[in-house]
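Keep the structure in view as you read.

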Amino acid sequence: MKTVLITGANKGIGREVARQLTAKGFHVFVGARNAKAGRKAAEEIAKQGGKATFLEIDVANNDSVTSAAGEFSEMADHLDVLVNNAGIIVDGDDAILEISDDLLQKTLATNTLGALRVTRAFAPLLRKSKAPRVINVSSGGGQLTGGADGWAPAYCISKTALNGVTMQLAAALPKFTVNSVCPGWVRTDMGGENASRSVEEGADTIVWLASEAPQDLTGKFLRDRKEIPW
Ligand SMILES: NC(=O)c1ccc[n+]([C@@H]2O[C@H](COP(=O)([O-])OP(=O)(O)OC[C@H]3O[C@@H](n4cnc5c(N)ncnc54)[C@H](OP(=O)(O)O)[C@@H]3O)[C@@H](O)[C@H]2O)c1
C-alpha cells in the first residue's frame with residue numbers, strides 16, 4: 001500500500017488532498033499540530049472508506065518533527081509521498097520595512113524551514129520507497145518572475161525561499177521527484193471566502209503529483225499540472 005504524509009491536513013487544502021488520496025487507495029497519514037482536530041479529520045476521512053491515520057506533527061518544532069518520524073516508523077516501513085502543506089500567513093499588506101524580525105522568523109520557521117525539516121526527518125523513510133515524491137505547497141506570491149506587488153511580504157519571501165528549498169532538494173536527491181506547487185487562490189481559512197477556487201481545484205495538482213505525474217518530473221514549479229516560472 002502506498003503511503004503519504006500530508007502536513008497541516010486537519011483542514012483546508014491539506015485535508016482535501018488527504019481525502020482524495022485516501023479515496024485513491026493510499027494509506028494517508030493526516031499530519032496536524034492540533035491533536036484533537038487532526039484525529040477528528042482522520043476519523044472523518046476514514047469513514048468514507050480507506051485508511052487514514054492521524055500523526056501529530058508541528059512543523060515549526062524540531063522535536064515534534066523528530067518524534068513524528070519515530071512514531072511513523074512504528075506504523076509503516078516506508079514513505080512514498082510527503083506533502084509539505086502546512087503554512088501560515090501572519091502579515092497583511094504591511095510594507096516590507098514595517099515587518100518585525102519576529103514576524104519574518106515565525107513565517108520562515110513554518111513555511112520554509114518547516115518543509116526542509118520534515119523532509120530531512122522523513123528522508124530515511126522516503127529512501128525506502130521505490131519512487132519517492134516530495135511536494136512543497138508554495139504560492140504564486142513567491143514567484144520572482146513578474147515582480148512583487150507589496151502583498152504579504154513575509155509570506156511571499158517564505159514561499160520564494162521554499163522554492164529554493166525545492167530546487168536544492170531536487171538537485172541533492174536525483175532518485176526523488178521534488179516539486180513546488182501553487183494551488184491558486186483557494187477558499188480556505190487562509191484564502192478567505194472570496195477566493196476563486198474550491199478546495200477540490202486547489203488540491204488537484206498536488207494529488208496529480210502524488211499519484212500520476214511522471215517520476216522524472218522534478219525540480220519544477222507547477223500550477224494546474226503545468227510548469228510555471230519561478
Ligand atoms: N488558500 C490559498 O489561497 C493558498 C494560495 C497559495 C498557497 N497556499 C498554501 O497552501 C497551504 C495550505 O493552505 P490552506 O489555504 O489550506 O490554509 P489553512 O486552511 O489555513 O490551513 C493551514 C494548515 O496548516 C497548518 N499549520 C500551520 N502551522 C503549522 C505548524 N507549525 N505545524 C503543523 N501544521 C501547521 C494549520 O494547522 P492549524 O489548524 O493547527 O492552524 C492548517 O492545518 C499553505 O502552505 C498555503 O501557504 C494557499
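## The sheet

Two strands pair if DSSP finds at least two bridges between them. Helices (H or I, at least four residues) and strands (E, at least two) are DSSP runs, numbered from the N terminus. With that in hand, look for an open sheet of eight strands with mixed pairing, in the order E3-E2-E1-E4-E5-E6-E7-E8. Strand E3 (51–56) and strand E8 (226–227) are at its edges with a single partner strand each, so one side of each has no neighbour in the sheet.

This is a predicted model: local features need pLDDT of at least 70, side-chain atom pairs count only at pLDDT 80 or more, and totals for chains, interfaces and linings use all residues. Residues are numbered from 1 along each chain as its sequence is written, and side-chain values use heavy atoms, leaving out hydrogens and water.

## Strand E2 and its neighbours

Strand E2 (residues 27–32) runs parallel to E3, joined by six bridges, and Phe-29 stands opposite Thr-53 in E3. E1 and E2 are also parallel, with four bridges between them; here Leu-5 has Phe-29 in E2 as its bridge partner.

Is E2 buried or exposed? Six of its six residues are buried (under 20% relative accessible area, with exposed over 50% and partly exposed in between, using a 1.4 Å probe and protein chains only), so E2 is largely enclosed by the rest of the structure. His-27, Phe-29 and Gly-31 cover one side, while Val-28, Val-30 and Ala-32 are buried on the other. In a regular strand the side chains alternate between the two faces of the sheet.

## The pockets

A pocket is an open set of points on a 1 Å grid over the protein atoms alone, where a 1.4 Å probe fits, with protein on both sides within 12 Å along at least five of seven lines; lining residues have an atom within 4 Å of a point. Grid points are joined across faces, edges and corners, and a volume is the space filled by probe spheres set on the points.

The largest pocket holds about 980 Å³ of space. Of its 39 lining residues, Asn-85, Gly-87, Ile-88, Thr-188 and Met-190 are the closest to its centre. Helix H1 (12–23) and helix H6 (153–172) are the elements that give two or more residues to this lining, and H1 gives the most, with three.

The second largest pocket has a volume of about 260 Å³. Among its 16 lining residues, those closest to the centre are Gly-141, Gly-147, Ala-148, Asp-149 and Cys-156.
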